[in-house]
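Here is a short report on a predicted model. It takes the sheet, then a helix, then the cavity.

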Amino acid sequence: MKTETVQLTVANSHYKDTIFRAIFKEKKELLSLYNAINGTDYQDEEALQINTLENAVYMNMRNDVSCILDMRMNLYEHQSTVNPNMPLRDLFYVSKQLEVMTSEENLYSSKKIRIPTPKFVTFYNGKEWQPEVKVMRLSELYGQKCEGQDVALELIVLQLNMYHGFNDELKSACRLLGEYMMYVMKVREYREQYSLDEAVERAISECIKEGILKEFLVRQRAEAKAMSIFE
């Protein structure tokens with residue numbers, strides 16, 4: 001237990017990314033995920049603008065991955081535990097994003113300021129059962145319940161269950177997303193028999209042998225191992 005605590009501390013200090021974030025931080029991979037989520041077929045990687053929050057000073061916020069394409073902003077988060085507060089977290093994220101985007105605009109002008117249409121998606125890969133698709137609303141967190149026009153502020157997060165047997169069509173549409181889940185499952189299976197360090201090492205070796213996330217794991221094996229321990 002003491003050894004694993006040290007490993008977690010080291011990983012936390014040196015590898016702030018998670019495997020999910022590291023995989024989709026490049027435009028090619030992120031565009032594939034964007035197309036799979038939105039049912040689009042964009043091909044121009046340079047048209048995609050990555051605007052992920054990188055340890056922003058404001059509230060020390062960071063999100064997993066976010067991007068803008070064709071005036072649509074997608075914010076992606078991955079969670080291994082059920083988190084009903086994602087709408088509130090995404091509200092903070094998108095508020096900061098919009099603050100940055102409109103920093104040179106005159107908010108008091110009579111001219112409308114156009115902002116990207118947001119979409120919030122959480123990829124859930126935890127052990128606790130969740131439906132294949134779940135809609136989470138900011139209004140569900142309000143102390144006083146309200147409906148219809150009384151909901152003055154709303155934010156909707158789409159939670160997609162990525163566990164084995166769920167959302168298989170989406171995982172097929174985005175190969176790396178499906179392979180990421182396979183890797184997570186292998187780590188969990190080995191974790192039942194081995195220490196965290198050995199479980200991750202065995203999962204990485206097996207995935208490389210089977211061609212799962214092979215290019216990523218071969219190129220960044222040491223970093224992937226540290227990120228997995230942290231994650």
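## The sheet

In what order do the six strands form the open sheet? The order is β1-β2-β3-β4-β6-β5, and the pairing is mixed. The edges are β1 (49-50) and β5, each of which pairs on one side only.

Strands of a sheet pair through backbone hydrogen bonds, in either a parallel or an antiparallel way. β3 and β4 run parallel, joined by eight bridges.

## Helix α4

Helix α4 covers residues 86-101. At 1.5 Å a residue, its 16 residues should span 22 Å, and the end C-alpha atoms are 22 Å apart, so the two values agree.

The buried residues of α4 are M86, P87, D90, L91, Y93, V94, K96 and Q97. An α-helix has 3.6 residues a turn, so residues three or four places apart point the same way. The buried residues of α4 pack against β2 (65-69), β3 (72-79), β4, β5 (133-137) and β6 (156-161).

## The cavity

The structure holds one cavity of 30 Å³ or more. The largest cavity has a volume of about 50 Å³. Its lining consists of F20, H78, F123, Y124, N125, M162, L177, Y180 and M181.

Which element gives the most to the lining of the largest cavity? α6 does, with three residues. By class, the lining residues of the largest cavity divide into seven nonpolar and two polar, with no charged residue.

Terms used
Residues are numbered from 1 along each chain as its sequence is written. This is a predicted model: local features need pLDDT of at least 70, side-chain atom pairs count only at pLDDT 80 or more; totals for chains, interfaces and linings use all residues. Side-chain values use heavy atoms; hydrogens and water are left out. On a 1 Å grid over the protein atoms alone, a cavity is a set of points where a 1.4 Å probe fits but cannot get out, and a pocket is an open set with protein on both sides within 12 Å along at least five of seven lines; lining residues have an atom within 4 Å of a point. Grid points are joined across faces, edges and corners, and a volume is the space filled by probe spheres set on the points. Helices (H or I, at least four residues) and strands (E, at least two) are DSSP runs, numbered from the N terminus. Ala, Val, Leu, Ile, Met, Phe, Trp, Tyr, Cys and Pro count as nonpolar, Asp, Glu, Lys and Arg as charged, and the others, Gly among them, as polar. The expected span of a helix is 1.5 Å times one less than its number of residues. Buried means under 20% relative accessible area, exposed over 50%, partly exposed in between (1.4 Å probe, protein chains only). Contact means heavy atoms within 4.5 Å. Two strands pair if DSSP finds at least two bridges between them.
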